[in-house]
Every structure is written in structure tokens, then in C-alpha cells.
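The stops below are given in the order in which to select them.

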Amino acid sequence: MELRLINEQGQEANRLQASDVLFDREYNEALVHQVLVAYQANARSGNRAQKDRGDVRHTTKKPWRQKGTGRARAGMSSSPIWRGGGRVFPNSSDENFSQKLNRKMYRAGMAAILSQLAREDRLAVVEDFSIDAPKTKLFAAKIKGMGYESVLVITEELGENVFLASRNLPNVLVVEVQQADPVSLVRFPKVLITKGALAKFEEVLG
């Protein structure tokens, strides 16, 4: 599979031969969906909690007498059918949302995403990505000069200047190969990979 190698102006300078295993895989929508759902589920902290009828702060006094009022029987105001009462099956604070995903499935899913990005011409390779100073203005000008507005940049090693300059831009994300995740690959309209990161991708996922 050949990928576009672009220069600082965003123009195609050459074609780069890449691994067919990683960039020429058939798109498996069901597998990609499973990988995305599992990744987001595993990122959940599970720290939500609700109260049952024993946890809510209500008096245990019977609201009214059992008979003679014409109203329905009621034992206490913490009943789940009352407004402000406890939940019948409350969410636990230590709920586990994680989903098991085999390493082979994850790698296949990532390869399917990268292959689709390459087919849709949403992925390009650059020799190196760096700036002279940790200035957001410089970084934004570099991205704009390459013809990008919203882009995911994947580098072999995240330099301090690039990290500091990019962290305040909402439409740009710069990560190392180890931090590249399927959600970001799908979310950003364009993906830019450095030559060193491409070799590392092929080593990790190939």
C-alpha cells in the first residue's frame, strides 16, 4: 500500500510504501464498532451512585393511618414510588463497565480504521513534525500552512515544544504512537503521521 508523503506546504512530495497488513485491510464495520464501544466503555470510571430506600434521608414514620383516609396505603416516604424516594435497583459506585477485547481483535480493528483512512485519502505521512518554540501561534500557522484545520498528529516522540504549543487548540490533537486510540482516529477528519511513527505503528500493530 502506498501512502502520500507530504512536505511543509501540504503538497505531495513522494509516495511511501507501507505495510499491506496495516494499511490495506478490508474494512470490517462490526469489528470497528466493537473496538470503539469497548474502548469507550473501558475508559468509564464507574463512580456514579444512587440511593436505595435505606439510604435516602426520610423519616420512618407512617405518613398517615392505614385505614379511613380514602388514600392508598403508605408505610414510609422513602418508598421508590414516592417523589424523592429511593431507587429500586440503584447504580453502584463501584460498577464495572469494562469489556474484554482480545489483542488480536484490537489490532485488526485499528488496522481496519487506518486502511479506511488511507482509502479515503484522510491520512498522510510527513518526514518530521516540530516547531522552533513552544508557541501556539507558530503551531497553528504550521498546521494551516499544511492545509489542515482539524487534524490528529501522531509522532514517534512528542517534543516539548509541540506538546506545549498544541495543547490549547481544540481542533488539534498530538499524540505518540502508544497513545493513538481508535476513537481519535475516527473522530478527526484528517490524520497526519510522521515517518518514524509509521515505522513504529507497523512494529506494534503489524
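Which side chain does the side chain of serine 77 join in a polar contact? Select serine 77 and histidine 58: their side chains are joined by a polar contact of 3.2 Å. A polar contact is a pair of N or O atoms within 3.5 Å; within protein, one must be able to donate a hydrogen and the other to accept it, and residues adjacent in sequence count only if both atoms are side-chain atoms.

This is a predicted model, in which local features need pLDDT of at least 70 and side-chain atom pairs count only at pLDDT 80 or more, while totals for chains, interfaces and linings use all residues. Residues are numbered from 1 along each chain as its sequence is written, and side-chain values use heavy atoms, with hydrogens and water left out.

Stay on serine 77, in the loop between α2 (29-42) and α3; helices (H or I, at least four residues) and strands (E, at least two) are DSSP runs, numbered from the N terminus. Serine 77 is buried, at a relative accessible area of 14%. Buried means under 20% relative accessible area, exposed over 50%, and partly exposed in between (1.4 Å probe, protein chains only). Show its contacts (heavy atoms within 4.5 Å): beyond neighbours within four places in sequence, serine 77 touches His58, Thr59, Pro63, Trp82 and Gly85.

Next, select helix α3, residues 103-119. Its end C-alpha atoms are 24 Å apart, which agrees with the 24 Å that 17 residues should span at 1.5 Å a residue; the expected span is 1.5 Å times one less than the number of residues. Buried residues of α3 include Met110, Ile113, Leu114 and Leu117.

After α3 comes aspartate 121, with a positive phi near 60°. A salt bridge is a side-chain nitrogen of Lys or Arg within 4 Å of a carboxyl oxygen of Asp or Glu. Arginine 4 is buried at 18% relative accessible area, whereas aspartate 121 is partly exposed at 39%.

Finally, select glutamate 8 and lysine 142, whose side chains meet in a salt bridge of 2.5 Å, N to O. Glutamate 8 lies in the loop between β1 and β2, and lysine 142 in helix α4 (residues 136-145), 134 residues apart. Lysine 142 is buried at 14%; glutamate 8 is partly exposed at 40%.
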